[in-house]
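Reader: I have a model open on my screen and would like to learn how to read it. Could you walk me through it, one feature at a time?

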Amino acid sequence: MNLDRNPALEEFRAEVADFLDTAPTDAIREAGRKTTSVFAPFEQVMEWHRILARKGWAAPSWPVEYGGTGWSVEQRYVYAEEYWKRDLPPLLPNGLQMVGPLLMHLGTDEQKARYLPGILAGEDYWTQGYSEPGAGSDLASLTCSAVADGEDYIINGSKIWTTYAHHANRMFMLVRTSTEGKKQAGITFLLLDRVDLPGLEIRPIIGLDGVPEQCEVFFRDVRVPQSGRVGAENDGWSVAKQLLIHERGGSVASPALRRRVEAIRDAAAHERTAFGGVLADDPVFQRDLGLLEAEIGSIEHFEKLAISGHPIAQDFAFPSMAKVMNTEVTQTLSVLMTRVAGLKGYAIQTAALEVGSSVAPLDDDFSLVAMPYYLNSRATTIYAGTNEIQRDLIARSIAH
Amino acid sequence: MDLNFTDEQRLLADSTTRFLEQTRDFHARRAQLAEGVTLSSAVWGHLAGQGLLALPRSEAAGGPGGSIVDLVAIAMRFGASLLTEPYLATVVLAGAALEAAGGDEARTLLTRIATGEAVVGFAHEEAVSGAPVGQIETTAIGKDGGYVLSGLKPFVLAGGDAEELVVSARHDDGIALFLVDTATAGIMIEKFVTVDGRGAGRVRFDDVHVPQAALLARDATSLIDDVVADALLYLAAESVGAMDALFRMTSSYAATRQQFGVPIGSFQTIAHRLADMKIALTKAHASLIYVTALREAGQAGPADLSVLKAQTGRLGRTLAEAAVQTHGGVGMTDELAVGHLLKRILANDSLFGDAELHLRLLGSKTGVTA
């Protein structure tokens with residue numbers, strides 16, 4: 001084993017730190033502090049995306065030929081560490097981690113040329129149209145249909161959990177193009193060049209945290225060109241599975257989790273308890289915080305082993321295990337946040353949570369975000385394949 | 001960054017496993033324990049013959065200068081094979097303390113440990129597992145040019161078989177280490193066997209006179225902390241080895257055991273439990289590998305060690321209890337390794353501070369973030 005510290009890596013760290021200290025605007029920093037979801041406040045995170053794109057750092061994990069940074073995995077981890085230390089808003093994943101890499105693998109040259117630059121530059125936001133009211137975990141039973149008509153498809157039906165659809169200018173979606181044979185065999189993957197189309201209606205859904213993050217999208221005889229299809233007609237299920245690989249794996253979670261734990265530790269140092277003294281000295285709190293430290297420690301170790309190419313992470317179940325570990329520790333962490341915030345977390349402060357709001361928080365930023373973060377993070381074990389589905393996949397990976 | 005075992009480390013570990021399986025499989029181990037034997041001369045002699053009883057010793061101390069990674073590689077196999085012999089007590093704890101203390105007597109004893117001739121115990125921890133070294137209550141008072149030891153060490157591994165003990169005791173303002181012959185007048189040892197099949201003893205020192213030469217090290221707090229740090233890695237490695245063995249047994253049992261006409265692994269409840277076992281094993285394994293690499297690089301701090309000890313303790317327990325549950329009735333019998341592996345994991349958890357203690361250390365202000 002060899003853990004050698006790489007001096008060039010420390011130089012790189014300094015370069016990253018310098019840029020991240022100076023480049024974000026105050027509004028972007030505020031958006032980072034007020035991020036209570038995977039999806040940061042839209043306007044500021046897209047502005048930040050465009051700043052990073054101009055620096056050439058928007059897509060560290062992309063191949064260089066498509067505008068990636070060419071950083072080693074170790075450098076990417078250092079970047080993530082420095083990024084999270086500063087509470088910066090995470091770039092939205094739909095373009096960079098989902099449809100972008102998918103197009104690199106399966107898109108036509110024309111599709112790549114048309115869409116990848118806008119994704120990289122932060123000009124476009126793509127919403128994901130997968131789930132339907134009747135098709136969640138059993139995604140292949142989706143019914144939103146596309147019927148060929150000349151050079152076009154006519155779409156009818158609806159999609160739900162289309163994150164930030166009300167901010168989106170583009171959409172990628174799964175549609176049913178055949179009802180014959182296995183249900184997986186009649187699905188097609190489509191790119192929608194725009195969402196302001198006749199017959200397409202977007203309805204934001206207010207979440208548990210009081211803000212519209214998710215949407216429902218209705219299609220009534222919506223006409224789109226067939227040139228937006230990725231892969232062959234009725235082959236969309238294998239296209240979608242390819243995309244899930246990008247959605248579930250490959251990202252580094254432990255630096256962000258560590259940052260949240262630090263915030264909890266700081267807040268607990270001045271929260272008093274009914275037993276006298278402060279929460280930070282309470283044995284039960286210490287035990288629960290310690291559990292988080294230990295769990296995040298193991299996740300960090302697992303991620304570092306993955307970075308080093310260790311066989312433990314070259315498992316078919318790696319993305320599913322990472323998803324379960326990260327999301328479940330996120331939920332544990334979010335519970336502890338609400339415990340530390342206490343009653344202060346129970347005031348609805350939707351207005352104060354808006355970036356640039358003239359309404360000040362009743363107390364500190366910690367108690368402002370604790371409850372929305374907790375509520376929003378209930379979704380982590382539901383989205384991107386519920387954790388029950390992930391456990392099915394992990395169980396399937398176990399050799400007998 | 002290379003976090004893999006070398007080919008040599010793998011070969012050494014594989015040959016250790018092979019030997020243990022051939023010389024003393026699970027049934028032979030059971031028969032041996034039924035007769036109260038925890039130290040088999042065949043097994044101990046083989047370990048000596050392979051050079052394993054000197055593995056972590058530097059060349060100056062008569063060993064090959066094996067690293068913590070070497071030690072972890074074989075400890076994983078010791079855990080899976082449920083080794084009963086006093087490797088932890090004699091080689092990892094007492095041996096390391098003797099090497100760090102130095103001196104002619106220590107060197108001679110290390111040579112006899114290496115050949116398998118001498119079994120030595122490490123009589124350090126007292127009633128409170130995981131307590132700071134400074135809380136040791138056994139005393140050593142200077143008298144007649146020597147020392148008088150008084151106190152109780154209630155759980156000394158190899159305590160019943162050892163000819164000598166490395167004993168920690170309060171002396172002047174610090175904690176010192178002494179080397180004490182177990183035949184010395186005033187030492188009372190009640191021999192017992194631990195739930196996971198290791199020999200141990202409850203050792204009482206009742207005005208035990210030892211000569212001046214018995215003093216191994218004055219102000220030995222940091223020496224002891226360093227020895228215990230390696231022991232934590234050894235214990236974690238044994239537990240991860242045991243977890244891996246349990247996971248394999250349980251997944252294969254779930255695939256073959258039929259109820260309601262189908263393998264029980266086809267039920268989602270069981271499948272998800274297996275998934276959770278795999279996640280638990282993966283986390284514990286990842287922490288073991290990474291913290292071992294940190295320790296080798298001299299970068300493992302107290303928080304890293306606490307993460308490892310806590311995770312192998314609590315994830316080990318969860319996984320092992322799930323293994324018993326999945327095996328059902330037969331999981332409850334002494335005739336299957338499952339319960340023995342559970343007991344090994346629990347015993348390892350209890351040594352040098354259990355998971356709950358290490359979690360609190362991590363969560364308290366003094367337990368710094370990693």
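**Helices, domains, strands and the chain contact**

Author: Let's start with a helix pair: α2(A) passes α3(A) in a left-handed crossing. A crossing is left-handed if the near helix is turned anticlockwise from the far one by less than a right angle, and right-handed if clockwise. This is a predicted model, in which local features need pLDDT of at least 70 and side-chain atom pairs count only at pLDDT 80 or more, while totals for chains, interfaces and linings use all residues. Residues are numbered from 1 along each chain as its sequence is written, and chains are lettered from A and ligands numbered from 1 in the order in which they are written.

Reader: Thanks! At what angle do α2 and α3 of chain A pack?

Author: Helices here are DSSP runs of H or I with at least four residues, strands are runs of E with at least two, and both are numbered from the N terminus. Axes are lines fitted to C-alpha atoms, for helices over the stretch in contact, and angles run from 0 to 180 degrees between N-to-C directions. Helix α2 (residues 26–33) and helix α3 (residues 42–55) of chain A pack at about 120°, and their axes are 9 Å apart. That makes α2(A) oblique to α3(A). Angles under 35 degrees count as roughly parallel, over 145 as roughly antiparallel, 65 to 115 as roughly perpendicular and the rest as oblique.

Reader: Which residues of α2(A) and α3(A) meet?

Author: Two residues are in contact if their C-beta atoms, placed from the backbone, lie within 7 Å. From α2(A) come A:A27, A:I28 and A:A31, and they meet A:Q44, A:V45, A:E47 and A:W48 in α3(A). This contact divides into five nonpolar residues, one polar and one charged. Ala, Val, Leu, Ile, Met, Phe, Trp, Tyr, Cys and Pro count as nonpolar, Asp, Glu, Lys and Arg as charged, and the others, Gly among them, as polar.

Reader: In chain B, how do the axes of α1 and α4 cross?

Author: Helix α1 (residues 7–23) and helix α4 (residues 68–80) of chain B have axes that come within 9 Å and cross at roughly 30°. α1(B) and α4(B) are therefore roughly parallel to each other. The crossing of α1(B) past α4(B) is right-handed. Among the residues that meet there are B:L12 and B:T16 in α1(B), and B:A73 and B:R77 in α4(B). The residues of this contact are six nonpolar, three polar and two charged.

Reader: Let's turn to strands. How many bridges join β2 and β3 of chain A?

Author: Two strands pair if DSSP finds at least two bridges between them. Strand β2 (residues 145–149) and strand β3 (residues 152–160) of chain A run antiparallel and are joined by five bridges. A:A148 stands opposite A:Y153 in β3(A). The hairpin has two residues between its strands, and A:G150 takes a positive phi near 65°.

Reader: And which residue in the turn between β6(B) and β7(B) has a positive phi?

Author: That is B:G197, with a phi of about 85°, in a hairpin with five residues between the strands. Strand β6 (residues 187–193) and strand β7 (residues 199–210) of chain B pair in the antiparallel sense over seven bridges. There, B:V193 stands opposite B:G199 in β7(B).

Reader: What does the domain assignment give for chain A?

Author: Domain bounds come from an automatic or database domain assignment. For chain A it gives domain 1 (7–91), domain 2 (126–234) and domain 3 (249–396). The C-alpha centres of domains 2 and 3 of chain A are separated by 32 Å. Six residues of domain 2 touch eight residues of domain 3 in chain A. In chain B, the assignment gives domain 1 (7–119), domain 2 (121–219) and domain 3 (222–363).

Reader: Finally, how many residues does the contact take from chain A and from chain B?

Author: It takes 34 residues from chain A and 41 residues from chain B. On the side of chain A that touches chain B, α9 (283–307), α10 (318–341) and α13 (387–396) of chain A each supply at least two residues. α9(A) gives the most to that side, with 16 residues. The side divides into 18 nonpolar, nine polar and seven charged residues.

Reader: At what angle do the axes of α10(A) and α8(B) cross?

Author: The axes of α10(A) and helix α8 (residues 268–296) of chain B cross at roughly 85° and come within 11 Å. α10(A) and α8(B) are therefore roughly perpendicular to each other. A:M321, A:V324 and A:M325 in α10(A) meet B:I279, B:T282 and B:K283 in α8(B).
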